[in-house]
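Biologist: I have a model open and want to learn how to read it. Can we go through it feature by feature?

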Amino acid sequence: MATPSVEYLPPPLDATAEQPAIFDGTIRLYLAYSCPYAQRVWIARNCKGLQDKIKLVPLNLQNRPAWYKEKVYPENKVPSLEHNGKVIGESLDLIKYVDSNFEGPSLLPDDADKKEYFETLLSHMDEFLGMVYATFKGDSTKDADAAFDLLETALAKYDGSFLLGNEFTLADIAFIPFVERFQIYLSEVFNYDLTAGRPKVAAWIEAADKIDAYKQTKKTDPKELVEIYKRIFSPQK
């Protein structure tokens, strides 16, 4: 896997920012540093060693530029990728797109069974996230228990620290930005340790934290995250 160098991260663009040139041949990843969906694509970019190929264009989501929706991506969400004269979105589609359309080490194994399992994992993503969010909205951690028990079971399918074995792949990239945030919030608000009794989840997080391509995308401020999630999910807390 490519080892990325430390790169300069430009400041987020707000409503006062001028629109960058578009469709001038530059490949741009529009993102927000704090967004887990965007972080997926950012990690994939770094794992492929594409820091010089794909330019980061960070946005301030609380005060985003009007030109982003009007001229770049009508969905007005991040992430989106400007490439080959078009702009495409949806993070799970984009991590596959980056892996398939750019040079660099493959982020999926050749093994057909592992590729099929990867798609199975993605098919359960909404269910997994929904279970954790259900805990955020209530007082019981039983839904979070179930979600992270499923993750523990998923990690037991293959030998190795990661979801598809010994290599950090798109499967891990799909899940880790969310688990990163869940670990912070559940610990702070519920005094809940999602790794307790789950040695494979604990080893997975520890192994992921050693991946430079991922580490360099960990820009979430814990205090800020807790406040945001409290506003969204549990105003009573």
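Biologist: Which side chain does E119 meet in a salt bridge?

Modeller: This is a predicted model, so keep that in mind throughout. The partner of E119 is K96, and the N to O distance is 3.1 Å.

Biologist: Into which domains is the protein divided?

Modeller: Domain 1 covers 27-101, and domain 2 covers 112-233. Their centres, taken over C-alpha atoms, are separated by 22 Å. Domain 1 brings 16 residues to the contact, and domain 2 brings 21 residues.

Biologist: How many salt bridges does the rule find across that interface?

Modeller: One, between domain 1 and domain 2.

Biologist: What area is buried between domain 1 and domain 2?

Modeller: About 1,600 Å². Carbon and sulfur atoms give 68% of that area.

Biologist: Which three residues supply 33% of the area that domain 1 buries against domain 2?

Modeller: Q39, R40 and I43. No other three residues of domain 1 supply more.

Biologist: Now helices. How are two packed helices described?

Modeller: By two values: the angle between their axes and the distance between the axes. Take α1 (residues 36-47) and α3 (residues 91-101). Their angle is about 5°, and their axes are 9 Å apart. Angles under 35 degrees count as roughly parallel, so α1 and α3 are roughly parallel to each other.

Biologist: Which residues make the contact?

Modeller: From α1, they are Y37, R40, V41, A44 and R45. From α3, they are S91, L92, L94, I95 and V98. Sorted by type, the residues of this contact of α1 with α3 are seven nonpolar, one polar and two charged.

Biologist: At what angle do α6 and α8 pack?

Modeller: About 75°, with the axes 8 Å apart. Helix α6 spans residues 142-155, and helix α8 spans residues 199-208. The range 65 to 115 counts as roughly perpendicular, so α6 and α8 are roughly perpendicular to each other.

Biologist: Which residues of α6 and α8 meet?

Modeller: F148, L151, E152 and L155 in α6 meet P199, K200, V201 and W204 in α8. The contact of α6 with α8 has six nonpolar residues, no polar ones and two charged ones.

Biologist: What about the backbone? What should I expect there?

Modeller: Most residues other than glycine have a negative phi, and most peptide bonds are trans. Check the loop between α2 (66-72) and β3 (80-83), where P79 lies. The peptide bond from V78 to P79 is cis, with omega near 5°. N76 is found in the loop between α2 and β3 too. Phi of N76 is positive, near 60°.

Biologist: Where is N84 found?

Modeller: In the loop between β3 and β4 (86-89). N84 is not a glycine, yet its phi is positive, about 55°.

Terms used
Residues are numbered from 1 along each chain as its sequence is written. This is a predicted model: local features need pLDDT of at least 70, side-chain atom pairs count only at pLDDT 80 or more; totals for chains, interfaces and linings use all residues. Side-chain values use heavy atoms; hydrogens and water are left out. Axes are lines fitted to C-alpha atoms, for helices over the stretch in contact, and angles run from 0 to 180 degrees between N-to-C directions. Helices (H or I, at least four residues) and strands (E, at least two) are DSSP runs, numbered from the N terminus. Angles under 35 degrees count as roughly parallel, over 145 as roughly antiparallel, 65 to 115 as roughly perpendicular and the rest as oblique. Contact means heavy atoms within 4.5 Å. Ala, Val, Leu, Ile, Met, Phe, Trp, Tyr, Cys and Pro count as nonpolar, Asp, Glu, Lys and Arg as charged, and the others, Gly among them, as polar. Domain bounds come from an automatic or database domain assignment. Buried area is the accessible area (1.4 Å probe) that two parts lose on being put together, summed over both. A salt bridge is a side-chain nitrogen of Lys or Arg within 4 Å of a carboxyl oxygen of Asp or Glu.
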